[in-house]
Amino acid sequence: MCRLVLLGPPGAGKGTQAVKIVEEYQIPHISTGDIFRMNIKEGTALGKKAKEFMDKGELVPDSLVVDLVRDRLEAEDCKNGFLLDGFPRTVYQAEELDKYLSEKNLNLTKVIDIYAGEDVLFERMIGRRVCKNCGAPYHIKNMPPKKEGICDRCGGEVYQRADDTEETVKNRFEVYNKQTKPLVEYYENAGNIVHIDGTIGLENVFASIVRIVGA
Ligand code: ADP
Ligand code: ZN
């Protein structure tokens, strides 16, 4: 049974690790970013609201996020655990998650903080690409798809997210430092956070996670 939260600055590789973690532990991957992008793609009311904020690199308001995650955690497939990726992102969201879990008498198994310096992350993000269809992550330098612009996994179109452009990336770092970084201390006080260097290579990061989370 694993209830995990992935924390870390933009570009730290949360999405990449998330895909491996959910395969290893057979738990659902709950990415609020993916949920919003799906809603944008489908043109829902939520998607339209979220897009305004996302395109600028701002956070979507807490009120739009918290209920969404609560509902998702109610689903049957979360009974045996889950991986939260990109949530919580504010202290308020973390408090709401704690409230929800304590109502259910549950705990977080671990909060996994993947950290790295901003200069490294900036490079990574500017080169980042993603499959429009299945969400598989790529990088023009470090991890290009075998055929340019085409997903190895599903053949979908590989593109640059609107929020991965230079200006937006800068803003996302500011937002992270101001609103999300305080969560590191929040979970430090709770005593269940672990810190993993995000620059040691994808496989090594993953191996560290498995070592810490266990079987
Ligand atoms: P990252 O690549 O930084 O991990 P995500 O894909 O998780 O980005 O999220 C992309 C955008 O979606 C964020 O910049 C933000 O606008 C919005 N978003 C995602 N999760 C949340 C959340 N928990 N609270 C508020 N906004 C969120
Ligand atoms: Zn794909």
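Donors, for a metal site, are N, O and S atoms within 2.8 Å of the metal, or 3.2 Å for Na, K and Ca; water is not among the atoms, so sites may look incomplete.

Two notes on the source. This is a predicted model, in which local features need pLDDT of at least 70 and side-chain atom pairs count only at pLDDT 80 or more, while totals for chains, interfaces and linings use all residues. Residues are numbered from 1 along each chain as its sequence is written, chains are lettered from A and ligands numbered from 1 in the order in which they are written, and side-chain values use heavy atoms, with hydrogens and water left out.

Now the zinc ion, ligand 2. What coordinates the zinc ion? The SG atoms of C131, C134, C151 and C154 do, at 2.3 to 2.4 Å. Along the chain, these donors are spaced C-x2-C-x16-C-x2-C. Is C131 buried or exposed? C131 is buried, because its relative accessibility is 3%, and the cut-off for buried is under 20% relative accessible area, with exposed over 50% and partly exposed in between, using a 1.4 Å probe and protein chains only. C134, at 30%, is partly exposed.

Next, the protein as a whole. There are 9 helices and 8 strands. Those are DSSP runs, numbered from the N terminus: helices are H or I with at least four residues, strands are E with at least two. The radius of gyration is 16 Å, close to the 17 Å that the globule rule gives for 215 residues, so the protein is as compact as a globular protein of that length. That radius is taken over C-alpha atoms, and the rule is 2.2 Å times the number of residues to the power 0.38. The C-alpha trace spans about 50 × 40 × 35 Å along its principal axes. Of the 215 residues, 45% are buried.

R161 sits between β7 (158-159) and α7 (166-180). Its relative accessible area is 13%, so R161 is buried. Leaving out residues up to four places away in sequence, R161 touches R37, R128, V130 and R172, where contact means heavy atoms within 4.5 Å. The R161 side chain also makes a polar contact of 2.9 Å with the side chain of D163. A polar contact is a pair of N or O atoms within 3.5 Å; within protein, one must be able to donate a hydrogen and the other to accept it, and residues adjacent in sequence count only if both atoms are side-chain atoms.

T90 is in the loop between β3 (81-85) and α5 (91-103). Why is T90 counted as buried? Because its relative accessibility is 7%. Its side chain and that of D62 are joined by a polar contact of 3.1 Å. With residues up to four places away in sequence set aside, T90 touches L59, D62, Q179 and L183. As for L183, its C-alpha lies 26 Å from that of R161, although the two are 22 residues apart in sequence.

Last, D77, in the loop between α4 (62-74) and β3. D77 is partly exposed, at 39% relative accessible area. Its side chain makes a polar contact with the side chain of R72, at 2.8 Å.
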